[in-house]
Amino acid sequence: MKLRLIILFLVASIGVFAKFWFFCAEEPKPDTPPLETIYANVYGNTSAFTISPKEKEEMQESGNAPVYGELTPKGILDVIQYMHEKLHAFFGNKMPKQINFMDVGSGAGKVVLGACIKGSFHKCLGVEYSKERHAVAANAYQKIISEGATFIPKGREVVFINADALTVDMSSMHAIYVSSYCFKKPFMEKLLAKFEKELPDGAIIVTSQALPTQPQQGRLKLIRIFTVSQSWKSDSKAHAYQVGIPDGEVQNDMPANWRASSR
Ligand SMILES: C[S@@+](CC[C@H](N)C(=O)[O-])C[C@H]1O[C@@H](n2cnc3c(N)ncnc32)[C@H](O)[C@@H]1O
């Protein structure tokens, strides 16, 4: 009887410890420097703004425009905070054990690294079509690793893939960011079909360009139109959608004075 009690106590203690460790793995480090400081160190003079004429041509042939811009550090923090809020609102205390973030067209990888360093995602995935931009992201992450990965909270996984985002399985993703002004309508239609088919209930999508949906039909519901700070404009338009919200519960907090033409 005594032995049973001891075993029970040990098993319970391991459970509590594992839960505590798991919880610790989720939290960003409180003493982490601002993203601006981290990026200045990690990227130095490298950037993803320019690609070779050959890559520009390939991008155009793939059906998307070769223009480039980035979410600023402030924009990154605003977007990931909003995503966490909406995930918590949807799941409450039934939050999946692992919540994952994806940047569709990850460029230099700043959004992915920012989500990993400042957010509470387990896996942060960046998918980028351009080999040259992918290399900038992969090198930046390599530099973080080689310097001891002090900014990366434990239990995190960062993955950069050089591929067309339409070929990547999104079924384990809960938070998707798409800087989509460079994406043309046929690409956006395919992306929407992929989101509708693959994303789990509760997944939140923030995209600069609106998705080509019929208003509030399908699994994705438009929940908010707001502004984010981008490299080309401090108040650029963003659209947020969430998967699987019952029709009666869609909250659209679009400001009344919204200028439909603003980007
Ligand atoms: C506007 S940039 C955004 C970069 C980054 N996400 C940010 O916000 O800072 C869009 C990126 O999408 C990439 N891209 C274009 N077509 C793509 C495709 N089919 N699959 C993946 N990435 C693509 C471009 O090369 C570019 O790096």
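Against which helices and strands do the buried residues of H4 pack? The model examined here is predicted, so that local features are reported at a pLDDT of at least 70 and side-chain atom pairs at pLDDT 80 or more, whereas totals for chains, interfaces and linings use all residues. Residues are numbered from 1 along each chain as its sequence is written.

The protein contains seven helices and seven strands, where helices (H or I, at least four residues) and strands (E, at least two) are DSSP runs numbered from the N terminus. Along the sequence these elements follow the pattern α-α-α-α-β-α-β-α-β-β-α-β-β-β. Of the 263 residues of the protein, 35% count as buried; a residue is buried if 20 or more other C-beta atoms, placed from the backbone, lie within 10 Å of its own, exposed if 12 or fewer do, and partly exposed in between. Among the contacts in the protein with a separation of 6 or more, 75% are made by residues 24 or more positions apart, a contact being two residues whose C-beta atoms, placed from the backbone, lie within 7 Å.

Helix H4 comprises the 19 residues 73-91 and reaches 27 Å from its first C-alpha to its last, close to the 27 Å expected at 1.5 Å a residue, the expected span being 1.5 Å times one less than the number of residues. Its buried residues are Gly 75, Ile 76, Val 79, Ile 80, Met 83, Lys 86 and Leu 87. They cover an arc of only 130° around the axis, which puts them on the same side of H4; the arc is that of the directions from the helix axis to the C-beta atoms. The packing partners of these buried residues are helix H2 (35-43), H5, E4, E5, E6 and strand E7 (233-243). On the other side of H4, Gln 81, Glu 85 and His 88 are exposed, and His 88 is counted in this way because it has 12 C-beta neighbours inside 10 Å. Although 114 residues separate His 88 from Gly 202 in sequence, their C-alpha atoms are 9.3 Å apart in space. Just after H4, Gly 92 takes a positive phi of about 55°.

Strand E4 (residues 175-178) directs Ala 175 and Tyr 177 one way and Ile 176 and Val 178 the other way, and all are buried. E4 runs parallel to E1, to which four bridges join it, and Met 102 has Ile 176 as its bridge partner in E4. Four bridges likewise join E4 to E5, again in parallel, with Ile 176 standing opposite Ile 205 in E5. Strands are taken to pair if DSSP finds at least two bridges between them.

In helix H7 (residues 185-198), Phe 187, Leu 191 and Phe 195 are buried. Seen down the axis of H7, these residues fall within an arc of 75°, so they line one face of the helix. They pack against strand E1 (100-104), strand E5 (204-207) and strand E6 (220-230), while the face turned away from the buried side carries the exposed residues Lys 185, Pro 186 and Lys 197.

Around the ligand there are 22 residues, of which Glu 70, Gly 105, Gly 107, Tyr 129 and Ser 179 come nearest; a residue is near a molecule if its C-beta atom, placed from the backbone, lies within 6 Å of it. Helix H5 (110-118) and strand E2 (123-128) each supply at least two residues of this shell.
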